[in-house]
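Hello,

Here is the structure we talked about. My notes on it follow below.

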Amino acid sequence: MNRRMLFLLAGAMSAVFPTIAFAQSELTVYTAVEAVDLDRYKATFEKAHPDITINWVRDSTGVMTAKLLAEKDNPQADVVWGLAATSLLLLKTEGMLEGYAPKGVEALDKKFVDKDNPPSWVGMDAYVAALCYNTVEGEKLGLKAPTSWEDLTKPEYKGHIVMPNPASSGTGFLDVSGWVQMWGEEKAWSFMDKLHENISAYTHSGSKPCKMAGAGEAVIGVSFEFPGAKAKSAGAPIDIIFPSEGSGWEAEATAIIAGTANLEAAKTLVDWSVTKEANEMYNVGYAVVAYPGVAKAVEHLPSDIASKMIENDFEWAANNRATILKEWQKRYDAKSEPKS
Amino acid sequence: MTMTLALDFAPPGKRVRQESSRDDRIKLGFMAVIGLYLIIALGAPLAVMLSKSLSTYRFDLAAFEFQVSDETGANWGPVVTAEALNQQLGAITDEELDSSSDGRLAATKFFPDFSFRSPVQYRIRGTSADTAFLAGSTLEKGTEWREYDSGTFRRVVLRPASSLGLENFKTYFSTPALARSIYNSVLMAAISTVVTISIAFALAYGLTRSCMPLKGLFRGILTIPILVPSLLPGIALVYLFGNQGVFKDWLMGYSIYGPIGIVIGSVFFTLPHAFLIILTALSVADARHYEAAASLKASKWRTFTTVTVPGARYGLVSAAFVVFTLVITDFGLPKVIGGQYGMLAVDIYKQVIGQQNFEMGAVVSVILLVPAILAFAVDRRMQKRQVALLSARAVPYSPKPNARLDAICFAFACLVSLFILGMIAMCQIAALVKFWPYDLTLTTKNFAFDLMDGGGWAAYGNSIQLALLTALFGSLVVFAGAYMVEKADGFRLGRGIFHFLAMMPMAVPGMVLGLAYIFFFNNPANPLNAIYGTMTILVVSTVTHFYTVAHLTALTALKQMDPEFESVAASLKQPFHRLFFRVTVPVCLPAILNIAIYLFVNAMTTVSAVVFLYATDTKLASVAVLNMDDAGDIAPAAAMGMMIFYTNVAAKLIHALIARGLLARTQAWR
């Protein structure tokens, strides 16, 4: 084959390939969704849109948020699908998100949609603060299960409670910001002062306390409902308790990264992410989803979780995060050394 | 033996300058290439990271201008800066103006009579293009006026401007909990170092100076901890000594979560590192020294303190610094088992992962570099005094049987082996039971990784690929680099800088390295941007992350070669590459193979740096362990950890076979 032929061939190829490339686009999607769910999400979406392929990059919320912020000047992701709304708000304040109102967004519960128009993020589902209570260990120690946040300050629980450190875990922060929003600063801090006396450890991950309760390393884990249900399915002797005062919560949400080269495909994905079908898909693991009327009860969880959720002002939480964390660390970090 | 005899004729101690300038040029070129590698893979990313620690954020009130309307919303008052308003009001103290990258300051603070239901309109603009504020959560920048009703103005917050300065360090040291972490970290690292070095030295001594049985077996067992991901000892310690632990009572009421757990875990995972370095140092003994000691009627103790210890001094100091920095920079173990005990590396985790405060994370990283710089300084001093042990006239030492010593050494090695095997056995059990501690039925379901977090069996395949590539390229780069540092003539400054760079990775926490890589490589202006998100960047980061120990191993081996080899080669007018390939490489082959296997097993187990760098198709098994543990799948995490362990054991066995085959051919002189 001589050189001329090659050129001709190359020309012919380039005439053909753009259409193929257009027909089949790939999206790099960053996510913190549980890995068990990823294949299902991908398969369900790609069935609806066979022309788009999803390439996942998954890690915990904190790592994903740090990675996205670190890549700010040269974003690698096209879409974020399944990251805490608080993290997405942080990206939004850095100007990293592309505002887009997906088709059908009106149908979603308003508290799951960014307040701006067009919204920068749209919610999928919620995770709600909950207590994991180990019934076996509780019985051994002759304890009664707590029913409220206030109960946790009772002296008999001393040394038996673990909760996530709000300075290292988003879940920890949603607990603290939930208390402050629910009760106001003064009452919230005095509650935490008393709670601190009973805490045996502040963990660095939000699901860990529940895991520790499940394994009997602690009796009560302040965590959220998802790992609770999961641990229970795995055989952990725990009860999942939603405190009577109400619970802080966090939305998992979707957003388009500004400047993506695959804007059309990204929009298609976000459009699909708010459909009823997608929400039914989220409902397999999550009891509360953004599309009203879709949610069915999830195994091991009560059906009325949505009613436990407090009014959560994401913007307030984001704007006050630094102040709250500073105060928290001042109060509890310095003296959280082990007593031994 | 023939080789050493031939070399005896060279004038002792004197170095003959190499005549061949072509040789020098080749060496210079070599050094430049490897130096460049270290600068790109380490120096530049770290410099980017350091500049982060100096970038401070402060609200620049003079950069914001406001205009307020009257009740009708039509007539505007004068333009005032936030600074002028603050001077009148004193609403914000100077201290409160210092902020972080995520700092927010409500604009309403400057308007004490602000009411969000009033018809008053507000305008705000910046005085420069970079001035930023948020309306709600929307980022606004620039010098154009923006007008808001009072309801929206309530949601306007100012963002700080960035500049350079030392404020971050000031903030760090004035936060008691953070400064306390320094004390804790140094204390833990110091205790762990003393314990680990003592144990490692005793073991290495037993293996080289006694006739205890089963030496090969113990040598194998002692390297086990290096073969497992650092999360496994954490899991094992919780299962053994946690609140539901099998041996909980052994702790006499103390909790494993905290200093006790950190020290036990640290000793476990640093022991092989220290052991290998000290073993290398002790294994090249000159029997003539011992003969001399014996003929001078020196006591056992005196021989020990005047011959054995000084001979291994360089190895001991190296090992101590390796252990110290490993403990002080590790975040995996204190994160799992440290409880509330604040440590520097965990602070980085809190700052970077928990609060996305890269600047503060960078500050802690800079503080963590201090031990490395100290290590470098001490290392330099030691090096000046180090005498080549394997002089060309050395006679290999072989221990004579001594029933009491041999028994003690054997018993001690058994005890340490029991501890290591116990930990591994616990992990194996953890990988096989259904739900610890409540359902202890055995199952292999935990190995069905494709149903779990972390990338399944594909991740396992990726890890093996990464480990092979790292071992191959790493040992090439490291050994060539160490050779240039140790044996090249001239370029003193270049060699000094190179050696300094080679010592740094040890002290750089993986997390810091990983983030530095994002900042440096994921920059569209960087011509190397293309490697971001590929296997290449994982290989480069892993080689760099584990550079120091590999470098020290190569250096130790090279140091034990008499410089006379070079002098003789030069006087015989042999080009350096001939000496390098004919003498240096064969003599150092055990060390090179050790470097390769060291890099392999570490690439299999490493987490901290690569956790930021892997992409869709380069997920890794070690990261899967972390993710599964985080997700609460402890049993599958332990199972994947054990898969890594089996792989590393297999690699070790293959390594041993190759080594035996090669050594038979190249090391007959030993």
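**Backbone notes, chains A and B**

Lys573(B) is found in the loop between helix H22 (564-571) and helix H23 (576-605) of chain B. Please keep in mind that this is a predicted model. Although not a glycine, Lys573(B) has a positive phi of about 60°. Lys573(B) counts as exposed because 9 other C-beta atoms lie within 10 Å, where the cut-off for exposed is 12 or fewer.

Met252(B) is another non-glycine residue with a positive phi, here about 50°. Its loop runs between helix H9 (231-241) and helix H10 (259-283) of chain B. With 6 other C-beta atoms within 10 Å, Met252(B) is exposed. Most residues other than glycine have a negative phi, and most peptide bonds are trans.

There are also cis peptide bonds to report. One joins Asn117(A) and Pro118(A), with omega about -5°; Pro118(A) sits in the loop between strand E4 (97-98) and strand E5 (122-134) of chain A. Another runs from Trp436(B) to Pro437(B), with omega near -10°, and Pro437(B) lies in the loop between strand E12 (433-435) and strand E13 (439-442) of chain B.

Finally, a sheet in chain B. Three strands form an open, antiparallel sheet in the order E4-E1-E11. E4 and E11 of chain B are at the edges with a single partner strand each, so one side of each has no neighbour in the sheet. E1 (residues 55-58) pairs with E11 (residues 161-164) over four bridges and with E4 (residues 98-99) over two. Arg58(B) has Ala161(B) as its bridge partner in E11(B) and Asp98(B) in E4(B), while Tyr57(B) is bridged to Ser99(B) in E4(B).

Regards

Note on methods
Residues are numbered from 1 along each chain as its sequence is written. Chains are lettered from A and ligands numbered from 1 in the order in which they are written. This is a predicted model: local features need pLDDT of at least 70, side-chain atom pairs count only at pLDDT 80 or more; totals for chains, interfaces and linings use all residues. Two strands pair if DSSP finds at least two bridges between them. A residue is buried if 20 or more other C-beta atoms lie within 10 Å of its own, exposed if 12 or fewer, and partly exposed in between; C-beta atoms are placed from the backbone.
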